[in-house]
Amino acid sequence: MLTRPDVAVVGAGPVGLAIAWRCAQRGLRVVVHDPAPGSGASHVAAGMLSPVAEAYFGEHELTGLLADSAARWPAFAAELTEAAGTDVGYRTDGTLVVGLTADDLAEARRLWSYQQGLGLPITPLRPSALRDREPALAPRVRGGAVAPGDHQVDPRRLVAALRAAAERAGAVLRPAPVDRLSDVDARFSVVAAGCGAAALTGLPVWPVKGQVLRLRATGGGAPGFRHVIRGYADGESIYLVPRDSGEVVVGATVEERTDTEVTAGAVLRLLRAAVDLVPELAEYDLVEASAGLRPGTPDNAPIIGPLPGRPGVLVATGHHRHGIVLTPVTADLVTELIVTGEPDPLLAPFTPDRFVPEEEPRWN
């Protein structure tokens with residue numbers, strides 16, 4: 001007869017697998033439920049680790065969590081690479097944030113001013129200094145800034161590595177869906193099911209569609225630029241993420257829709273903006289166009305912590321645009337809560353009870 005697990009994780013994306021790995025490292029018996037590990041938002045994600053470039057107005061507490069988790073990434077990536085025996089594509093070249101037109105640059109500067117006011121490391125650059133760093137940028141680019149601490153990882157490699165590390169640590173993957181939390185038998189259940197958390201918990205998590213392109217440098221060589229490039233091109237927000245493999249990820253749309261169809265209009269807008277910023281991309285091969293569903297929340301912040309009214313049930317979802325960068329801190333916070341029973345103060349702004357009235361608990 002199988003021993004009852006200490007921890008059952010519902011969802012095998014980066015967050016769920018990282019929690020499973022950390023819990024198994026602590027000697028807990030862990031089972032992960034997912035019919036298709038790594039097939040959710042992470043399969044489409046670009047993997048930017050951007051606590052600075054992703055710092056937006058009115059999200060001060062979230063920015064603090066992003067910065068905390070990004071600081072954990074170097075050690076997390078090194079430990080995971082050793083534990084899994086495979087590289088995760090972690091790169092520390094930094095990020096350039098650019099504006100194509102005068103209006104684009106004005107919009108970018110407004111955000112840089114806010115970010116600098118928070119003490120975040122972002123430094124404006126003149127156009128000449130910008131192109132010294134990345135000669136592939138179009139001559140039309142009016143200016144930009146550098147965020148040296150904004151790095152990147154390859155989410156598809158990350159999922160493969162986390163799965164290997166979790167299984168080597170003793171976690172067991174069960175390729176079956178979970179339709180009701182009552183079907184899960186464990187001392188602790190962790191709902192890390194992305195958009196699927198809504199049906200399981202009743203929490204306000206909804207899909208935010210994102211369409212993404214993958215290009216490849218011709219001839220199998222590396223892309224002609226090394227920094228992540230984020231910016232605005234005639235009002236279109238865009239990011240370009242170069243990989244050592246020659247791949248360049250171009251994204252992403254933000255749509256309040258539930259389908260995962262790729263549309264011609266989105267491809268057109270993304271390619272136009274990408275080529276406007278880095279003209280050589282017009283000669284790259286278009287190898288993939290895909291769409292995924294980010295788990296959004298009313299305040300754009302993740303939901304992490306105990307589910308009110310359900311002893312032993314924890315939630316780790318709603319990461320929206322930030323699932324990859326927040327993977328290490330989410331795993332650490334949830335694991336410590338399970339092991340010690342004591343919530344870290346970092347959790348306070350992100351717990352589920354901010355959305356669940358005490359008199360009207362919602363769950364399945």
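Trp73, Phe76, Leu80, Ala83 and Ala84 of helix α3 meet Leu158, Ala161, Leu162, Ala164, Ala165 and Arg168 of helix α6. By class, this contact of α3 with α6 comprises 10 nonpolar residues, no polar residue and 1 charged residue. The model described here is a predicted one, and the values in this report are to be read with that in mind. Helix α3 covers residues 60-84 and helix α6 covers residues 155-168, and their axes, which cross at roughly 60 degrees, come within 9 Å of each other. The crossing of α3 and α6 is left-handed.

Helix α3 also takes part in a contact with helix α1, where the two pack at an angle of about 75 degrees and their axes are 13 Å apart. Because angles of 65 to 115 degrees count as roughly perpendicular, α1 is described as roughly perpendicular to α3. On the α1 side the contact is made by Ala18, Trp21, Arg22 and Gln25, and on the α3 side by Phe76, Glu79, Leu80 and Ala83. This contact of α1 with α3 has 5 nonpolar residues, 1 polar residue and 2 charged residues.

A further partner of α1 (residues 14-25) is helix α9 (residues 327-340), and these two pack at an angle of about 45 degrees with axes 8 Å apart, which means that α1 is oblique to α9. The crossing of α1 and α9 is right-handed. From α1, the residues Pro14, Val15, Ala18, Ile19, Arg22 and Cys23 meet Thr327, Thr330, Ala331, Asp332, Val334, Thr335 and Ile338 of α9. Sorted by class, the contact of α1 with α9 holds 8 nonpolar, 3 polar and 2 charged residues.

| Helix pair | Angle | Axis distance |
|---|---|---|
| α3 and α6 | roughly 60 degrees | within 9 Å |
| α1 and α3 | about 75 degrees | 13 Å |
| α1 and α9 | about 45 degrees | 8 Å |

The lining of the second largest pocket divides into 7 nonpolar, 2 polar and 4 charged residues.

Two details of the backbone remain to be described. Most residues other than glycine have a negative phi, and most peptide bonds are trans. Asp234, although not a glycine, has a positive phi of about 55 degrees, and Asp234 is found in the loop between β11 (228-233) and β12 (236-242). Gly251 and Ala252, in turn, are joined by a cis peptide bond with an omega of about -15 degrees. Of these two residues, Ala252 lies in the loop between β13 (247-251) and α8 (264-277).

Key
Residues are numbered from 1 along each chain as its sequence is written. This is a predicted model: local features need pLDDT of at least 70, side-chain atom pairs count only at pLDDT 80 or more; totals for chains, interfaces and linings use all residues. Side-chain values use heavy atoms; hydrogens and water are left out. Axes are lines fitted to C-alpha atoms, for helices over the stretch in contact, and angles run from 0 to 180 degrees between N-to-C directions. Helices (H or I, at least four residues) and strands (E, at least two) are DSSP runs, numbered from the N terminus. Angles under 35 degrees count as roughly parallel, over 145 as roughly antiparallel, 65 to 115 as roughly perpendicular and the rest as oblique. A crossing is left-handed if the near helix is turned anticlockwise from the far one by less than a right angle, and right-handed if clockwise. Contact means heavy atoms within 4.5 Å. Ala, Val, Leu, Ile, Met, Phe, Trp, Tyr, Cys and Pro count as nonpolar, Asp, Glu, Lys and Arg as charged, and the others, Gly among them, as polar.
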